[in-house]
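Welcome, and thanks for taking a look at this one with me. Please have the model open beside you as you read.

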Amino acid sequence: MRRLLRADIHSLFLDKVFIALAVFSFVLGLTLPVLGLVNEIRYNEYKEFEDYFFFFLPVFSLMISSYVSIFVGKSFDWGTVKNKITVGHSRRDIYLSFLIVSMVGTLVFIALFLIPYSVFGSLVYEDMSISFKALVLVLISAVLVLLSVTAISVALMETIGSRVISMIVSLFVVFALLLIGNYAEELLNEPEIISNSMIMVDGAFQFADSYPNPRFLAENKRWIYEALRDATLGGQMSQIMNMECNWIRVSLYSVFSSILATLVGCIIFSRKD
């Protein structure tokens, strides 16, 4: 296992796509405070430090799902995985090595974004409106969310075994999880009563009477959509970026997703020809 990890880590840090995305992560973290400074000078628009702190979350979720397919898929296409099996490495160790190294890559991307953002953002943006402890707890949730995306992407790649197909499927899954979570979040935010709506009467607009919202979720349904929101990418991102995150619940769902994806992926990969 140690030899596999050393080899895969070495391959990761020499990979040109990884290096390019690492540079992109750093530049992104540096660009946001610069844009904040420009807006402050031009438009007197002041932002607080945490406003763009989690900007990396939607960007990296798509980037990681694509990158995992490229990095892990390269070993399949070049026959490296077959060679590892031939020399006696177990499929479980091969799977876990790819998973661990891919998660290391994810953590590197996050760190390279946060370092320049934190340094320059603290000079440009207004002070935080939340406590440092609250920011750190939500950050833990965000990191676990991206690690769950990594685990799902690795499972899909090692199950499918093709870079192109797995990238398409991974992106489709990420988009689906985004849409489901956002839809659940939208329904949960629907008001019980609709008021101040406008109707046209005799060619003139008038305020209509208040009426019950048909999209409002009853108590016996709300828990289902709350679970969907907390367990899927779209709902998790919405909560984190709006700083309205139940960090314990989101973190637990992310850890569960990572474990489930790893177990299923490892079992399927172990039984592949």
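Predicted model: local features only at pLDDT ≥ 70, side-chain atom pairs only at ≥ 80, totals over all residues.

1. Residues are numbered from 1 along each chain as its sequence is written, and side-chain values use heavy atoms, with hydrogens and water left out.

2. Let us begin with charge pairs. A salt bridge here is a side-chain nitrogen of Lys or Arg within 4 Å of a carboxyl oxygen of Asp or Glu, and the count comes to 6. One of them joins the side chains of Asp8 and Lys84, at 2.8 Å from N to O. Asp8 belongs to helix H1 (residues 2-14) and Lys84 to helix H4 (residues 80-86), so this pair ties together parts 76 residues apart in sequence. Helices are DSSP runs (H or I, at least four residues), numbered from the N terminus. Both Asp8 and Lys84 are buried, where buried means under 20% relative accessible area, exposed over 50%, and partly exposed in between (1.4 Å probe, protein chains only).

3. Next, find Lys74 and Asp15, whose closest N and O atoms are 2.5 Å apart in a salt bridge. This pair also links distant parts of the chain, with Lys74 in helix H3 (residues 56-77) and Asp15 in the loop between H1 and H2, 59 residues apart. Lys74 counts as buried at 14% relative accessibility, and Asp15 does at 7%.

4. Glu185 and Arg229 form a salt bridge at 3.8 Å, N to O. Because Glu185 lies in helix H7 and Arg229 in helix H8 (residues 219-231), the pair ties together parts 44 residues apart in sequence. Salt bridges with shared partners join Glu185, Arg229, Asp230 and Arg249 into one network.

5. Now for the largest pocket: about 340 Å³ of space lies in it. Of its 20 lining residues, Ser148, Ile152, Leu177, Ser257 and Ala261 lie nearest the centre. A pocket is an open set of points on a 1 Å grid over the protein atoms alone, with protein on both sides within 12 Å along at least five of seven lines; a 1.4 Å probe fits at the points, and lining residues have an atom within 4 Å of a point. Helix H6 gives the most to this lining, with 6 residues.

6. Finally, turn to helix H2 (residues 16-43), where Val23 is found. Val23 counts as partly exposed, at 48% relative accessibility.

Note on methods
Helix = DSSP H or I, 4+ residues; strand = E, 2+ residues; numbered from the N terminus. Points joined across faces, edges and corners; volume = space filled by probe spheres on them.
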